[in-house]
Amino acid sequence: MKEEQKQLWWQKGVIYQIYPRSFQDSNNDGIGDLKGIIQRLDHLQWLGVDAVWVSPVYPSPMADYGYDISDYQDIHPLFGSLADFDQLLDEVHKRGMKLILDLVPNHTSDQHPWFLESRSSRDNPKRDWYIWQDARPDGSAPNNWLAMFGGTAWEWDETTQQFYYHAFLKEQPDLNWRNPEVQAAMLDVMRFWLDKGVDGFRVDVMWHMVKDEQLRDNPPNLDYQLFMATYEQLLPVYSTDQPEVHNIVRQMRQLLDQYDERMMIGEIYLPIQKLITYYGVPDRRGAHLPFNFQLLSLPWEAQKIASAIDQYEGALPEYGWPNWVLGNHDQPRITSRVGIQQARVAAMLLLTLRGTPTIYYGDEIGMRDVPIPFEEVQDPQGLNMPDKNLSRDPARTPMQWDNSPNAGFTTAKPWLRLARNYRRENVEVQKEDSFSILSLYKRLIELRQREPSLMQGNYKPVYADKQMIAFIRQAEGHSSFLIVLNLSHRPGYFKVKNMDLKGKIEIATFPELEGTDIGDSIDLGGDEGILVRLS
């Protein structure tokens, strides 16, 4: 079974996330769309990507830019049509790639027909499809739960004189996943897209899907700091990660298993020991890849990251395949977090660790967070908490394709402004520069796809101090590789002498090192990383 699993596409491949609004505009309205993605698929094929994950493109009032869905079985006109989607799926498959669709099952838009029915009267058949509760005797909300985007998570409905629960915006009411009818309806949604040929789903906020049946108050977070989001004032122990959620995930997995080689990623921001429970158990499997966000959330410090890798590797069940993420549409970009030189080191880490890597669009050219003036902010998280600088817009700006106006993204005014440096930092320029971060990404992906040790081999930690991480990737009968990364800006030194390691540097963040043999000591400058083919 283990050997057979290693052959599956989602274990061997590299996933690339596209935020559709910002990838490519084909009809000159300033917003990216499905036909735009089709126009740029050759870039992904050239880069060596195996699977494309597309953030939501369903009909939506866009209160949360597509994560408030009003119809799960259609395409928003902004992005195109179902026919355009079918064409995208066909073009992705023609290039030997897979298509992963975003699924948002925790909540709908308040304009979804299900919710319009649910709120129409207390005795409507769909009333129990959402979470409705009476006020407390003093008229206050049913409990103290907070919304991710600020304020209480309960919204009063004047018509039916009850509160409904929303983990995010009030325009995003949470579904009641304890209701079997809700479960059946969402499985039908999945079936609709699977029958079209979609290769898998990234399931939004998977750990939110079931809430405490008693709706008990969440306890205070004693580590809360003023700079944190207001949501973090409480520990969401009753509003998220309930035991019953695993039954839901298993149902989804069982449906996927009825199709050939389909997969499911779970968005789960939880500590490792809780995260791994979403893999399920041997006879009742869960998500194929519960997203591992440690490289997003940890301080960029060698010892902490090395320790986290070891903890994750040690905690994984035998049937659990690892995965790693450097960036996504909800977090600051890696280049803005650690700087452009360390972003090269981060790319080497992402693409040499054991497990499936996910690349966020634009990270391959080192795109940075773009400052968005407050009057131009679109993101509800930023609009609701302006004093905390929590807008996600800076990491969602248009892709920088070339040095033409608006970076080749659109001929209209783009929905978000572009980086100031787009004429110098773009795909076209970096493709011609063998020293660019894009060239580094391409070479790392090519080597990874060519070498079983990097794609499927074991992970063996070798060394970590306050500056450096070193590890070996090895598959029996194939070349082994030593990866040494300096996560600091100062020179670092790694002694090889006692380990009997010999080899030649094959890829380096500074290519001048390539082709040289390693000696008894590996001396790296600040922000340097090397990949050594061991002999």
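In which sense do strands S12 and S13 pair, and over how many bridges? They pair in the parallel sense, over three bridges. Keep in mind that you're looking at a predicted model.

**The open sheet**

- S12 and S13 belong to an open sheet of eight strands, with parallel pairing and the order S11-S8-S7-S3-S2-S1-S13-S12.
- At the edges you'll find S11 and S12, each of which pairs on one side only.
- To spot the link between S12 and S13 (residues 356-360), look for Val325, whose bridge partner in S13 is Thr358.
- Helix H8 (residues 245-256) packs on this sheet, where it touches S3, S7 and S8. The direction of H8 makes about 155° with that of S8.
- As background, strands of a sheet pair through backbone hydrogen bonds, and they can do so in a parallel or an antiparallel way.

**Two hairpins**

- Strands S5 (residues 154-157) and S6 (residues 162-165) go for the antiparallel sense, with four bridges. Glu155 has Tyr164 in S6 as its bridge partner.
- Four residues sit between the strands of that hairpin, and Gln161 takes a positive phi near 60° there.
- S14 and S15 also pair in the antiparallel sense, this time over six bridges. Their hairpin has three residues between the strands, and Asn458 stands opposite Gln474 in S15.

**Helix H11**

- Does the length of H11 (residues 302-315) agree or disagree with what you'd expect for a helix? With 14 residues at 1.5 Å a residue, H11 should span 20 Å, and its end C-alpha atoms are 20 Å apart, so the two agree.
- Buried residues in H11 include Ala302, Ile305, Ala306, Ile309, Tyr312 and Glu313.
- A handy rule for reading a list like that: an α-helix has 3.6 residues a turn, so residues three or four places apart point the same way.
- Among the parts covering the buried residues of H11 are helices H9, H10 and H13 (340-350), plus strands S12, S14 and S15.

**Aromatic rings**

- The count of aromatic pairs comes to 28. One of them is Trp114 with Trp129: the ring centres are 5.1 Å apart and the planes sit at 70°, so this pair is edge-to-face.
- Trp114 is in helix H6 (residues 113-118), while Trp129 is in the loop between H6 and strand S4, so their pairing ties together parts that are 15 residues apart in sequence.
- Both ends of that pair are tucked away: Trp114 counts as buried at 15% relative accessibility, and Trp129 counts as buried at 7%.
- Tyr269 and Phe293 show another arrangement, a stacked pair at 4.1 Å centre to centre with 15° between the planes. Tyr269 sits in the loop between S8 and H9, and Phe293 in the loop between S11 and H10, so this pair ties together parts 24 residues apart in sequence.
- Which of these two is buried and which is partly exposed? Tyr269 is partly exposed at 28% relative accessibility, whereas Phe293 is buried at 6%.
- Ring pairs also link Trp114 and Trp129 into a cluster with Tyr58, Tyr72, Phe85, Phe192 and Trp193.

**Charges over rings**

- Arg21 has its charged end over the ring of Trp415, 4.4 Å from the ring's centre.
- Arg40 lies over the face of Trp401, at 4.1 Å from the ring centre.

How values were computed. Residues are numbered from 1 along each chain as its sequence is written. This is a predicted model: local features need pLDDT of at least 70, side-chain atom pairs count only at pLDDT 80 or more; totals for chains, interfaces and linings use all residues. Side-chain values use heavy atoms; hydrogens and water are left out. Rings of Phe, Tyr and Trp (its six-membered ring) pair if their centres lie within 6.5 Å; planes under 30 degrees apart count as stacked, over 60 as edge-to-face and the rest as tilted. Buried means under 20% relative accessible area, exposed over 50%, partly exposed in between (1.4 Å probe, protein chains only). A charge sits over a ring if NZ of Lys or CZ of Arg is within 6 Å of the ring centre and within 35 degrees of the ring normal. Two strands pair if DSSP finds at least two bridges between them. The expected span of a helix is 1.5 Å times one less than its number of residues. Contact means heavy atoms within 4.5 Å. Axes are lines fitted to C-alpha atoms, for helices over the stretch in contact, and angles run from 0 to 180 degrees between N-to-C directions.
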